[in-house]
Amino acid sequence: MSKKLKIGVFGYGVVGSGLAHVLKNSKGLDASIVKVCVKDPTKERDLPPEFVTLNPDDILNDPEINVVAELIDDADDAYRIVKTALKNGKHVVSANKKMLAHHIEELIQLQWEHKVSFLYEASACGSIPIIRNLEEYYDNDLLQSVSGILNGSSNYILSKIFNENLDYGVALKQAQELGFAESDPTSDVEGFDTLYKLIILTVHGFGLFVHPDQVFNIGISRLSAQDIQLASQKGYKIRLLGKVTKVNGKHVNLLIAPKFVKPAEHAYTVEDHYNGVLIQGNFYDNQFMYGKGAGSHPTGSAVLSDVTALAYNYKYEYKKLKYYGGLEYTNDMPVQIYLRYTKKEDLDLFEFTDISESLTGKDFNYVIGHINLLNLIKIKDQLVDKDLFLAYLGDE
Ligand SMILES: NC(=O)C1=CN([C@@H]2O[C@H](COP(=O)(O)OP(=O)(O)OC[C@H]3O[C@@H](n4cnc5c(N)ncnc54)[C@H](OP(=O)(O)O)[C@@H]3O)[C@@H](O)[C@H]2O)C=CC1
Ligand SMILES: N[C@@H](CC=O)C(=O)O
């Protein structure tokens with residue numbers, strides 16, 4: 001161990017307290033939490049009062065603190081905290097995928113300028129070490145796609161609906177109570193959380209910064225009993241997936257949507273709040289990483305892994321950015337979708353290039369066919385309030 005780490009923690013909720021607990025059980029590491037900054041002065045905490053502050057400067061301006069663990073649930077505040085910490089020469093670990101997805105390019109630059117380390121393994125897939133693996137092992141251009149279940153809450157909800165016939169609202173409430181969901185769970189169920197994580201994985205896997213607005217994402221909140229019944233009749237489960245794919249060696253595409261998943265697919269086996277990431281590449285084919293994707297201790301352990309890495313002066317090298325760049329973003333991709341709709345005028349928004357199956361019934365209408373993602377991106381904002389459900393089909 002080369003360094004004594006004095007940690008200032010921002011946030012003492014699910015993840016912040018998880019870090020404190022796993023750190024207590026990591027005897028070999030010369031690291032201690034010396035200050036915790038929170039927001040609400042009235043909350044009771046299992047911390048000595050002298051450790052707690054409401055003033056960010058007590059951490060950001062303390063020369064004794066050399067590591068900032070940013071573990072708060074507010075992306076704008078997190079951005080300001082991380083920026084200041086890096087500028088003040090402190091190493092930073094963060095779990096904040098929303099903040100990263102919007103500011104990662106600038107923050108990478110800042111860490112280089114200030115010669116500090118900025119690590120964020122906990123921001124993608126909880127306890128699964130996917131970022132470190134993309135950095136260290138998938139460090140050449142054989143990688144073709146990274147896909148899978150990246151959000152624990154939505155997977156928990158879908159598992160409970162499919163396996164236990166639980167009501168959507170009840171399952172969502174449980175995911176919140178168990179500490180899996182974001183403070184605003186819209187991010188989980190509408191696919192934004194998956195989108196943010198996929199953007200981070202795209203930086204490390206393909207060396208490309210993608211803005212969230214460029215990507216089509218749709219979630220599971222409008223799943224109906226009819227969708228579940230149809231999927232089950234066909235032998236599928238429905239899972240919320242994110243996928244980044246290299247296209248024709250020149251482009252990269254991101255898609256976040258529910259998928260009809262076949263029993264032979266890796267995602268079919270992933271239940272509850274677990275995540276599963278499928279890595280596909282030339283010559284090595286398929287590799288699958290699986291583990292707890294949310295929750296206090298799984299996420300706290302990912303943060304601890306970053307803290308431990310700091311003790312060894314570890315930094316992400318961003319090899320894909322430096323040596324394998326040049327890829328561009330595209331949405332020009334055909335995709336096969338299932339669309340359940342209520343009004344014909346809603347169906348008319350979708351420019352299907354072919355239709356292989358359709359039903360127009362008294363209270364159940366659907367179409368299965370191909371569409372270009374460019375069309376979905378164009379109509380994305382119009383879909384928000386519509387009574388429809390969309391899932392994609394095809395290879396994993
Ligand atoms: N929950 C999970 O499983 C995972 C969460 N994450 C990410 O980790 C981060 C934290 O999530 P989580 O622990 O679940 O959230 P919680 O809501 O459980 O906790 C948030 C904490 O942040 C504090 N906080 C909010 N704003 C500020 C601020 N401006 N200054 C200081 N403290 C502040 C809150 O203070 P107070 O206690 O006073 O209210 C609270 O302690 C989020 O970015 C989330 O996306 C990542 C992976 C998994
Ligand atoms: N809300 C997130 C928490 C972890 O990133 C999830 O459910 O996956």
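**Close-up 1. Strand E7 pairs with strand E11 in this predicted model.** The two strands run antiparallel. Six bridges join E7 to E11, which spans residues 274-281. At one position, Leu143 stands opposite Gly281 of E11.

**Close-up 2. Strand E7 also pairs with strand E9.** E9 covers residues 237-247 and runs antiparallel to E7. Four bridges link these two strands. Ser145 has Thr245 in E9 as its bridge partner. E7 itself comprises residues 143-149 and is mostly covered. Of its seven residues, six are buried.

**Close-up 3. An open sheet is built from six strands.** Their order is E3-E2-E1-E4-E5-E6, and the pairing is parallel. Strand E3 (52-53) and strand E6 (118-119) stand at the edges. Each has a single partner strand, so one side of each lacks a neighbour in the sheet.

**Close-up 4. Strands E1 and E4 pair within the parallel sheet.** E1 holds residues 5-10, and E4 holds residues 67-70. Four bridges connect them in the parallel sense. Ile7 has Val67 in E4 as its bridge partner.

**Close-up 5. Residues surround ligand 2.** The shell includes Gly126, Asn151, Gly152 and Ser153. Phe180, Ala181 and Glu182 are also among the surrounding residues. Asp188, Asp193, Gly293 and Ala294 belong to the shell as well. By class, three residues are nonpolar, five are polar and three are charged.

Key:
Residues are numbered from 1 along each chain as its sequence is written. Chains are lettered from A and ligands numbered from 1 in the order in which they are written. This is a predicted model: local features need pLDDT of at least 70, side-chain atom pairs count only at pLDDT 80 or more; totals for chains, interfaces and linings use all residues. A residue is buried if 20 or more other C-beta atoms lie within 10 Å of its own, exposed if 12 or fewer, and partly exposed in between; C-beta atoms are placed from the backbone. Two strands pair if DSSP finds at least two bridges between them. A residue is near a molecule or strand if its C-beta atom, placed from the backbone, lies within 6 Å of it. Ala, Val, Leu, Ile, Met, Phe, Trp, Tyr, Cys and Pro count as nonpolar, Asp, Glu, Lys and Arg as charged, and the others, Gly among them, as polar.
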